[in-house]
Amino acid sequence: MSKASMNKKTQNAPSDPSNVLGAAAAVWDDLRERLARIEARIHDGVPREKLAERADAYINTLFSLFPYVTAPLNGVVLEIGSGVGYIMEALTRALIARATPPASILGLDISHTMIERAKERLGARAPYRFLPYDGIDVPMPEASCDLILSVATLSFIPKPFAYNLLFEVKRVLKPGGFAVLQFLSFRHLPEQETHTPWREEIRRQITGEKAHWHHFYAREELEMVLRTGTGFPYVDIRELGGGYWACVHLAPAPLPIDFDPEGYLSLNEDVRAAGVDPAQHWQEYGYREGRRWR
Ligand SMILES: C[S@@+](CC[C@H](N)C(=O)[O-])C[C@H]1O[C@@H](n2cnc3c(N)ncnc32)[C@H](O)[C@@H]1O
């Protein structure tokens with residue numbers, strides 16, 4: 001289907017239950033819902049006073065799984081599914097601590113309610129910006145983002161629309177940028193069974209019930225979809241606590257300024273034995289295997 005006709009099919013209000021994307025999003029979008037109630041509802045039952053801590057934990061996970069992820073000073077950052085903005089704040093704190101504060105960090109969300117409540121919290125403060133969008137086209141120019149993040153969101157989106165967002169991530173990511181995306185794994189199913197059995201999950205989705213819909217992923221699926229289907233040349237998938245975190249990028253990870261080829265070869269005998277260029281090896285494989293040079 002062309003983008004124009006996709007838009008035609010979903011031109012109703014985002015939470016219009018007559019389309020599957022809107023039906024999935026309806027549970028997030030009730031303009032009568034006040035900030036305090038949203039804060040209590042959408043963050044896995046974490047109490048309000050611990051929401052900053054929860055967000056910091058997500059961002060610490062990002063940088064410990066993918067220590068090679070960087071953003072330039074005054075970069076452009078995007079979160080897809082920003083809710084009321086806690087993750088954006090935590091990411092901004094982390095980037096400031098790394099001496100690379102962003103020039104702007106944009107939160108995109110399909111829910112107008114989330115965008116309104118996020119603005120209530122942070123709207124007037126730079127570098128934060130919030131925009132509602134149609135769930136299909138990311139309103140950013142090609143190759144404009146240095147760092148893209150999506151956590152606790154993609155697994156609520158019906159798969160063809162989530163897959164489409166991966167193309168959008170590829171389109172708006174700068175060649176030297178990174179995108180970090182989190183998904184629920186099928187291994188989460190036993191835990192899900194304790195509150196929403198699989199059969200009930202499927203019934204809700206088929207009948208379009210206003211509820212949280214969950215879409216699970218398998219490693220092979222993610223690998224194939226990201227690498228072959230979407231065309232990301234660099235894909236690094238880690239499994240963690242019932243979920244997958246994927247870091248994707250379009251260009252090799254930049255070589256650290258203190259990289260020492262001789263040190264790398266001494267610490268990585270297999271690389272020396274293979275007779276390959278140490279810098280190239282680090283940029284192709286070593287960066288995600290956590291290989292060292294000192
Ligand atoms: C559990 S909240 C997570 C919010 C934030 N990422 C966090 O962890 O604090 C899920 C968010 O995804 C948003 N969402 C649902 N469907 C979406 C879609 N198709 N595109 C973008 N955001 C979507 C919801 O409106 C909601 O704000």
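**Exercise 1.** State how far apart the centres of domain 1 and domain 2 are.

*Solution.* Start with the bounds: domain 1 covers 3-249 and domain 2 covers 261-294. These bounds come from an automatic or database domain assignment. Next, take the centres over C-alpha atoms: 34 Å separate them.

The model is predicted: local features need pLDDT of at least 70, side-chain atom pairs count only at pLDDT 80 or more, and totals for chains, interfaces and linings use all residues. Residues are numbered from 1 along each chain as its sequence is written.

**Exercise 2.** Classify the packing of helix H4 and helix H5 by angle.

*Solution.* Locate the helices (DSSP runs of H or I, at least four residues, numbered from the N terminus). H4 is residues 51-65 and H5 is residues 86-97. Read the angle: about 55°, with the axes 8 Å apart. Axes are lines fitted to C-alpha atoms over the stretch in contact, and angles run from 0 to 180 degrees between N-to-C directions. Now apply the cut-offs: under 35 degrees is roughly parallel, over 145 roughly antiparallel, 65 to 115 roughly perpendicular, and the rest oblique. H4 and H5 are therefore oblique to each other.

**Exercise 3.** Find the cis peptide bond and place its proline.

*Solution.* The bond from Ala 126 to Pro 127 is cis, with omega near 5°. Pro 127 sits in the loop between helix H6 (112-122) and strand E3 (128-132). Strands are DSSP runs of E, at least two residues.

**Exercise 4.** Describe the phi of Ala 143 and give its loop.

*Solution.* Ala 143 is not a glycine, yet its phi is positive, about 50°. Its loop runs between E3 and strand E4 (145-150). Most residues other than glycine have a negative phi.
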